[in-house]
Amino acid sequence: MLTQGTARPSLSLGESIYRVELDEGGVAAVRMKDSAGLARRVRASRLISTMPLPDLVTTLRPAPPAPVLDAAQRLRYRGLVFVFVVLRGGPLFRAHWTYHQDPALCFNRLSELGNFLPDLYGRDHTVVCAEITADPGEGAWEDEELTLARCLRDLQIVSPRPIRDAITATHLR
């Protein structure tokens with residue numbers, strides 16, 4: 001969650017929002033708990049949240065009208081798994097993002113971070129992020145080892161050069 005109040009913006013990770021307080025101008029404050037259950041309130045005039053919209057809408061106070069709550073609960077969404085692969089050598093692709101619509105591939109989009117920030121890894125390495133849509137309980141979400149293997153296999157299919165020089169791969173959800 002990113003909040004901006006009267007001071008400078010702040011980023012909060014690993015905390016759960018349980019209330020978003022609204023006033024006539026929009027967001028007024030956010031109430032959240034950390035992993036130990038310690039609650040805090042942060043004044044905010046803006047909020048960027050990555051929580052699913054159906055969940056976010058239920059935290060709003062005052063609560064939205066019933067038709068809005070009902071519509072939000074009918075929304076469906078998919079989770080995302082990110083696989084980061086560190087490779088020896090320069091960039092694989094010219095574009096930062098490449099989209100893949102082949103259902104045989106495990107990923108929908110690849111992003112190559114070195115194309116966005118060329119000095120981040122130097123000329124000897126590149127990092128490719130594979131984005132995989134999956135929900136809890138599905139293979140890509142649950143089976144990290146299999147997902148990493150499939151990702152490397154599919155990356156080789158779309159890559160203009162061999163992927164045998166992978167240094168490491170990390171699975172995040």
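Two strands count as paired if DSSP finds at least two bridges between them. The model is predicted. In it, β4 (residues 26-33) and β5 (residues 39-43) pair in the antiparallel sense over five bridges. They form a hairpin with five residues between the strands. Within this hairpin, Gly37 takes a positive phi near 90°. Lys33 has Ala39 as its bridge partner in β5.

β4 also pairs with β3 (residues 16-23). Seven bridges join these two strands, again in the antiparallel sense. This hairpin has two residues between its strands. Ser16 has Lys33 as its bridge partner in β4.

Which residue of β3 is considered here? Glu21 is found in this strand. Is Glu21 buried or exposed? Its relative accessible area is 16%. Buried means under 20%, so Glu21 counts as buried.

Two arginine side chains make polar contacts with the Glu21 side chain. The contact with Arg31 is 2.4 Å. The contact with Arg41 is 2.8 Å. Leaving out residues up to four places away in sequence, Glu21 touches Gly26, Val27, Ala28, Ala29, Arg31, Arg41 and Arg61.

## Strand β8 and its two faces

In a regular strand the side chains alternate between the two faces of the sheet. β8 (residues 80-88) has a covered face made of Val81, Val83, Val85 and Leu87. Its uncovered face holds Leu80, Phe82, Phe84, Val86 and Arg88.

β8 runs antiparallel to β11 (residues 125-133), and nine bridges join the two. Phe84 has Cys129 as its bridge partner in β11.

## Nonpolar cores

The largest nonpolar core has 19 residues. Those with the most contacts inside it are Val83, Leu87, Leu92, Phe107, Leu110 and Leu155. β8, β11 and α5 (144-158) each supply at least two residues of this core. The largest share, four residues, comes from β8.

What does Leu155 contact, leaving aside its neighbours within four places in sequence? Its partners are Val85, Leu87, Leu92, Phe107, Leu110, Val128 and Ile163. A second, separate core has nine residues, including Ile17, Val27, Ala44 and Leu56.

Definitions and conventions:
Residues are numbered from 1 along each chain as its sequence is written. This is a predicted model: local features need pLDDT of at least 70, side-chain atom pairs count only at pLDDT 80 or more; totals for chains, interfaces and linings use all residues. Side-chain values use heavy atoms; hydrogens and water are left out. Buried means under 20% relative accessible area, exposed over 50%, partly exposed in between (1.4 Å probe, protein chains only). A polar contact is a pair of N or O atoms within 3.5 Å; within protein, one must be able to donate a hydrogen and the other to accept it, and residues adjacent in sequence count only if both atoms are side-chain atoms. Contact means heavy atoms within 4.5 Å. A nonpolar core is a set of buried Ala, Val, Leu, Ile, Met, Phe, Trp, Tyr and Cys residues joined through side-chain atoms within 4.5 Å.
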